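Here are some notes to read alongside the structure. Take the points one at a time, and keep the 3D view open as you go.

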Amino acid sequence: MTDGWFIFTDLDGTLLDHNSYDYSPALPALRELRRLGIPLIPVSSKTLDELEHLCQVLKLNGPVVAENGAVIAYPGEPPQIAPPGYHLLRDFLIDQRTNPDFDTLGFGDMSLEEVMAFTNLPRDNAKRAIRRLASEPFIWRGEAKSLATFRKKVAKAQLRLLQGGRFMHLLGDTDKGLAVGHVIKHLQRDGKPVTRIIALGDSDNDRDMLLAADIPVIIQRPDGSHLSLAERPDAILTDQPGPAGWNQAVLQLLQQISSQSAETDTLKE
């Protein structure tokens, strides 16, 4: 029953705790996915360096989607990097600062210690976080009314602006949903059946990924709220935040699959 099932998951605030980055509450579900052979594919704002390190820890060996969909990497292949690339994004952000209303502070402006302070990451992980290929996280320090004008500048330049759990992210004309579509096509070209897509996320930058899924799961935020996804009234909402909610949702879905399989077997007898 689980052949052709794939799980795409956000990390920060979803599989990983928003503050501590701990994933231990999700271990029961992670073990069950491994036992059943259901692929788990990270789709994150994190860098490729960060995801490769995490995949080693979690023993994942499939594709990964980094930098909000701007970087896709398959095992044994060079990463696919969406244009225009990191340096041109940095140039755009710096050029916009000629308008004093567009007050931004990006990763490229920060020291390693500042990145550590803003992200609560230990030093080694913060070093991985600043090795960016195709997107720039930044803090908006201007007025809210100026942000609408800035968004128009971004759109005119054919770029995207996404809101994550901690930062805004500037990237090329792509998103997590488009990246998931590319991964699915790649899997199918490799002869792997794709029959059911589950996606889990908690932030606005997960919206497109959740919309692309057969089963969207919205993880509760630390303050008890949920991302609004009016287009998908069928979305599952967890009543626990972070990895505890992730664990709850995945185990419930796997239990449903097991029950459906048992019913099918009974009907065949």
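1. Which residue of strand 10 does Thr9 stand opposite? Keep in mind that this is a predicted model. With that said, find Thr9 and look across to strand 10: the residue facing Thr9 there is Leu200. The two strands behind this pair are strand 1, residues 5-9, and strand 10, residues 196-201, and they pair in the parallel sense over 5 bridges.

2. Now step back to the sheet around them. It is an open sheet of 5 strands with parallel pairing, and the strand order is 2-1-10-11-12. Strand 2 (40-42) and strand 12 (236-241) stand at the edges with a single partner strand each, so one side of each has no neighbour in the sheet. Going from one strand to the next, the twist averages 20°.

3. A helix belongs in this picture too. Helix 7, made of residues 176-189, packs on the sheet and touches strand 1, strand 2 and strand 10. Compare directions and you will find that helix 7 makes about 150° with strand 1.

4. Which residue of strand 9 is the bridge partner of Leu161? It is Leu170.

5. Next, pick out helix 3, residues 86-96.

6. The crossing of the two helices is right-handed. On the helix 3 side the contact is made by Phe92, Leu93 and Gln96, and on the helix 6 side by Phe150, Lys153 and Val154. By type, the residues of this contact divide into 4 nonpolar, 1 polar and 1 charged.

7. What ties helix 3 to a loop? Arg90 forms a salt bridge with Asp109, and their closest N and O atoms are 2.7 Å apart. Arg90 lies in helix 3, while Asp109 lies in the loop between strand 6 and helix 4 (112-119), so the pair ties together parts that are 19 residues apart in sequence. Searching the whole structure gives 15 salt bridges.

8. Finally, two backbone details deserve a visit. The peptide bond from Pro83 to Pro84 is cis, with omega near 10°, and Pro84 sits in the loop between strand 5 (80-81) and helix 3. The other detail is at Glu67, where phi is near 50°, a positive value in a residue other than glycine. You will find Glu67 in the loop between strand 3 (64-66) and strand 4 (71-73).

Notes. Residues are numbered from 1 along each chain as its sequence is written. This is a predicted model: local features need pLDDT of at least 70, side-chain atom pairs count only at pLDDT 80 or more; totals for chains, interfaces and linings use all residues. Side-chain values use heavy atoms; hydrogens and water are left out. Two strands pair if DSSP finds at least two bridges between them. Helices (H or I, at least four residues) and strands (E, at least two) are DSSP runs, numbered from the N terminus. A crossing is left-handed if the near helix is turned anticlockwise from the far one by less than a right angle, and right-handed if clockwise. Contact means heavy atoms within 4.5 Å. Ala, Val, Leu, Ile, Met, Phe, Trp, Tyr, Cys and Pro count as nonpolar, Asp, Glu, Lys and Arg as charged, and the others, Gly among them, as polar. A salt bridge is a side-chain nitrogen of Lys or Arg within 4 Å of a carboxyl oxygen of Asp or Glu. Axes are lines fitted to C-alpha atoms, for helices over the stretch in contact, and angles run from 0 to 180 degrees between N-to-C directions.
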